[in-house]
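Hello,

I am passing a structure on to you, as promised. Please have a look at it first, and then read my notes below.

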Amino acid sequence: MPVVELSYSRLQKLVGKVSKKQIFDSLPFLGLDIESEDNDLIRVEYSPNRPDYSTDFGIAIGLQGLLGIKTGAIKLKIQKSNDYAIHVEPTITKIRPFVTGIIAKNGRIDDILIKQLMAMQEDLHFGIGRKRKKSSIGIHDLDKISFPLTYTTTKRDYAFIPLNSDKKLTVSEILECTDVGKDYGPILGNSSKVPLIFDSKKQTVSFPPIINAAITSVTTKTRNLFVEVTGINKSDIEDMLSVVATMLQTAGFALVSTKISGGKNTSPKFELKKLVINSDLINQILGMNLNNSTIISSLKKSRLDATLKGKKIICGVPSYRFDIFGPMDLVEEVVLGYGIQNSVSQTMIGLGFTEALNSSLTSKKILYDMTNRESNKIISVLDSKSQEHTILRDSILPGLLENLSKNIHTSYPQKLFETGTVFFQADPIGEKTNFAGVSSHQDATFTEIKSILQSALNQGFSLQIETKTFSHPIFEEGRGALILFNGRSIGIIGEINSKTIENYKIRVPVVGFEISLSGLIFD
């Protein structure tokens, strides 16, 4: 999985009025897995299917939607112009026939932006570009180029000064003697001619998909950019360009069109893709009863456009979201926008559970002593208004057992769940969102509670869990397990042991689970 390093302070400026805690809590619900955190910096893994998350600009767009700061699809504002023409010659047709491009003006480029541009470029190359075979990007200093450009072919003895070099090399020397040439030269096969982009002064701009010319290098002094994408499929190169264009517009650049002619090439349109879905299908798949207004709001929080037309919802999908193909993908976006906490709550209520709402502050007795858990990682609050409840909880299950202990005169079965914040020792104190449930009645079993948890995670998410036998002080020996998702532990499940049940003075067997919701969706 690719990793991007983010700065909390930069994200706060990009997203708007948002706290560091809100960012930390929200990142996992964008499908981002937090790898590490160090003061202002946080490293997160993202799916290769979401290259827009390869920069903090793309992640800021997602956070704005999830937090309700800005919703709906990002629309590219592109000024039309005839000043930036690219002519495609027939000789390129059988080698790498397609090219597209965009102009980005009046931006501020610093070292961080250059680093993110390079990282995004390589992630796109390895993802949708299939290691540059299907498509590749070149990013250039516009002011070093004279338009119009020509996309053509040249012989292998042609020489120019490539990026990161100060001397001329022939095409053959680049392919045979440089690391990038050795890595990607095989894409071009044994053809005697190779692709090249020239400007009107016959200066070399790019040798795709291998390397740019040195003269167009981007530095912190660059203010205007030219982005070109070449490849073997028109839709792939336009998808790739849309990711870069969206990022640059979000970074403050003004976008200007290029005029492309020759072969099967045309200028990109970047139009919203229209998809139609019915609310009945969404509710059927999710096992919920969301009204049209809620569904539309959820889609907009996922940064899509959505409008109601009769009984159908018309969705507008931005061109950089090429991971969205059809109705099932839209259902996932509804889940994302609606929120996993809301969704599991609705599902658990549908399964006959009652939602509990316990304080994050509890006591050592409830949290550790009565559950037979080790108390060597207690997080105490010095200025608590309660003399008894002075400890931040690291688990939700003890609180739910305490709820059951107060309801012993109520008829059974009793079924409770809660989603909420738990805390763990870190610098500063760490927080995450957990989801826990308990079922208490005479015939409560491990099989029952595992089935309930799987049902909650299947509704809309299609998340399959596994269990692995595991000893835990709160569970009967041999009747407890780790909950595994994609091979990693996300929680615990089992039959509460008789000693704990006795400590809480509960009169019937109890089964329960607790998982971390962070990073579950679209992991």
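**Confidence and first findings**

Of the elements in this predicted model, strand 2 (residues 33–38) has the lowest mean pLDDT, 82, while strand 12 (residues 204–207) has the highest, 98. Here pLDDT is the predictor's confidence in each residue, on a scale from 0 to 100. Helices (H or I, at least four residues) and strands (E, at least two) are DSSP runs, numbered from the N terminus. For the protein, pLDDT averages 91, and 97% of the residues score at least 70.

Two notes on how to read the rest. Residues are numbered from 1 along each chain as its sequence is written, and side-chain values use heavy atoms, leaving out hydrogens and water. As the model is predicted, local features need pLDDT of at least 70 and side-chain atom pairs count only at pLDDT 80 or more, whereas totals for chains, interfaces and linings use all residues.

**Salt bridges**

The structure has 16 salt bridges, each being a side-chain nitrogen of Lys or Arg within 4 Å of a carboxyl oxygen of Asp or Glu. In general, side chains of opposite charge can pair when their charged atoms come close.

One of these bridges links Glu35 and Arg43, with 3.0 Å between the closest N and O atoms. Glu35 is partly exposed at 41% relative accessible area, and Arg43 is partly exposed too, at 32%. For these labels, buried means under 20% relative accessible area, exposed over 50%, and partly exposed in between (1.4 Å probe, protein chains only).

Another salt bridge joins Asp141 to Lys144, at 4.0 Å from N to O. Asp141 is buried, with a relative accessible area of 6%, whereas Lys144 is partly exposed at 43%.

Then there is Glu402, which pairs with Lys406 in a salt bridge whose closest N and O atoms are 3.9 Å apart. Glu402 counts as buried because its relative accessibility is 18%, while Lys406 is exposed at 62%.

**Around Ser298**

Glu333 also turns up among the contacts of Ser298, a residue of helix 9 (residues 292–301). Which residues does Ser298 contact, leaving aside its neighbours within four places in sequence? They are Glu333, Val334, Gly337 and Tyr338, where contact means heavy atoms within 4.5 Å. Ser298 is buried, since its relative accessible area is 4%.

Best wishes, and enjoy the model!
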